[in-house]
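Morning, everyone. Please bring up the model, and I'll walk you through it.

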Amino acid sequence: MAVKKASQAMAEALRAEGVRYVFGLPGGHSVTILYDELYDDPQITPILARHETAGAFAALGYAQISGEAGVCQGTAGPGFAQMILGLQEAWFARLPLVAIAPNAPAAKHGQGALQEFGSCEAVQTFVKWSYRVDRPEKMPWVMRQAFHHALAPPCGPVLVDVPIDVGGAAAEMEEYVPSRRVAAEADPAAVQAAADLLCAAERPLLVCGRGVHQARAWDEVRELAELLHLPVMHTNHGKSALPDSHPLCVGGTGCNLTVVGAPFVREADCELWVGSQIEEFAVGRGWEVFAGKRLINLNADASQFGRNVVPAVALLGDAKLTLRRLIEATRDRAPQWGFEQSLTVSRIAELRRDYAAHIAGLQQATKGPVHPTTFLDALQQAMPREAIVVLGEGANRLWTASHLRVETPGHWVSASDFGCMGYAVAAAIGAALAKPGTPVVCLTGDGSFQMQMQEIVVAAQYGLPITYVVFNNHCLGWVKWGQQQRWRERYCAVDYEVNWRHAEAARAAGCEGLLVETPEGCREAIDRAFAANAEGRPAVIEVMIPWEEVPVGLSWYRGSEAAGAMRAGGAPLEREADAAGGD
Ligand SMILES: Cc1ncc(C[n+]2csc(CCOP(=O)(O)OP(=O)(O)O)c2C)c(N)n1
Ligand SMILES: [Mg+2]
């Protein structure tokens, strides 16, 4: 026991939990409860965001790549209020986020003290845990609880609210004991049942969600797939669970579905889903796609099993530990020949050739200036295999998610299905800090970029090797697609008649700014961007794309009949989308 200020105890707790960065922007209250302690902290660097929402998003990008909790801070009142979107993103994504918010002095609550805010009350429906620190000596307990709740499966956001009169007060404090990581293995009987189903299936399919990344279960996914010759798909969040060029990878689900994956979805009689919440975007409209199939659902969150689809077998546990058990339980019944010789692999190779021909046709037929996949092909050639790819929002993201290959497991960052525009721009900063020296490529639409583009100056300030790719179609393409297909081309409030010149704006922020208006210009711009990154300067490549072109996966996804058609064994249908659809 020693006498210290609560602020000091908070900084000690952050250090003990291995925190390297606090993302955010301080106000006067913040200095009292934390920032003065960070002035000469040997371990923790405060990253100065230009907007608190971006600070929270950056903390989530950090969490996604590091597997640790992200820590963000926004000052009392408006500062914290601007972080709220980050908590909601973390809630949807089940990502560990510790949000710290100072508050007006407890002694004056209810009396209109400057920037007083009912922070805990405001976020009740989308945090795992929140606490207003009511006594200074409670700080070590509060911080341990915060990290425990954020990181115990299912992960999620927590809030520590610190009135400044409590944060600045001293008391006798216990020595900080760090939180414990917990991971459980599924019930052996359930593992056996899952193994029996998988081995009896004629056309099994493995689908990976974000939980594979959270559990670092990449080796196990690969081993199980290769052992049982399983075609492997990923949800939008699980991309890179198996490297995209692995012979068994058949691409994305939902609107990221391509001609490679479609037959496997259609024909599968047993699906093993790992670490996915099996939500709308992961599946396509209508969970009826599971009718007639046996679902094995492996998740660390028991509430998932009764949510959208009731599985034939529920495996409650950590993905890494449980997949290891599943490998052991199926090994004796696995095919005797290697997966490279399997029919599945030769079929995938053939489908990949069909896909390449399909894309070449689109690239040739485009009215330009640059088809998104033309740029992505040039990027693929230049991009190192270990690059971290950060996916933005909008129509363009379907091209990136379905076409760009991510080859290093876990080097993938995407927003949750809450899907806040601008998330990627800030998340890229946290991702870059989580793996120093690893190149980061963030691909986003022009509308989404504008929502957080102020943060590129943060990337410049910290010398981060990030290349931002802004797919510019001068509009909110995703919404415009909907207006085209569902609303008879009544385009309303979707066109940027005046738009930023993003490449120029980038230069004003201390970044390399490059404009691509022709297919031939792609490679040179990419090389120049990477050269700038190598010198510690971020880059922005503005690529002019047409807005009209829609990947086939979206047509299938939007056509609610498609699910039925695919299940019945027919080709997925293109049809007018249902008018009630949102996004
Ligand atoms: C904060 C927020 N507002 C609105 C939306 C709805 N929305 C989803 S995508 C999109 C358009 C994105 O435009 P852009 O980033 O330019 O990408 P594009 O669709 O043009 O490729 C909109 C408005 C959202 N997801 N998030
Ligand atoms: Mg756009």
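Start with β6, helix α6 (residues 139-151) and β7, which form a right-handed β-α-β unit. Right-handed means that, with the strands pointing away from the viewer, the path from the first strand over the helix to the second runs clockwise. Helices (H or I, at least four residues) and strands (E, at least two) are DSSP runs, numbered from the N terminus.

This is a predicted model: local features need pLDDT of at least 70, side-chain atom pairs count only at pLDDT 80 or more, and totals for chains, interfaces and linings use all residues. Residues are numbered from 1 along each chain as its sequence is written, while chains are lettered from A and ligands numbered from 1 in the order in which they are written.

Back to the strands. β6 (residues 129-132) and β7 (residues 157-163) run parallel, joined by 4 bridges. Y131 sits opposite V160 in β7.

Next, the largest nonpolar core. That is a set of buried Ala, Val, Leu, Ile, Met, Phe, Trp, Tyr and Cys residues joined through C-beta atoms within 7 Å. Buried means 20 or more other C-beta atoms within 10 Å of a residue's own, with C-beta atoms placed from the backbone. The core has 187 residues, and L97 and V390 touch the most other members. Helix α17 (residues 423-434) gives the largest share, 11 residues.

Now N473. Where is N473 placed? In the loop between β18 (466-472) and α20. N473 counts as buried because 25 other C-beta atoms lie within 10 Å. Its C-alpha atom is 7.1 Å from that of D446, 27 residues apart along the chain.

Definitions and conventions:
Two strands pair if DSSP finds at least two bridges between them. A residue is buried if 20 or more other C-beta atoms lie within 10 Å of its own, exposed if 12 or fewer, and partly exposed in between; C-beta atoms are placed from the backbone.
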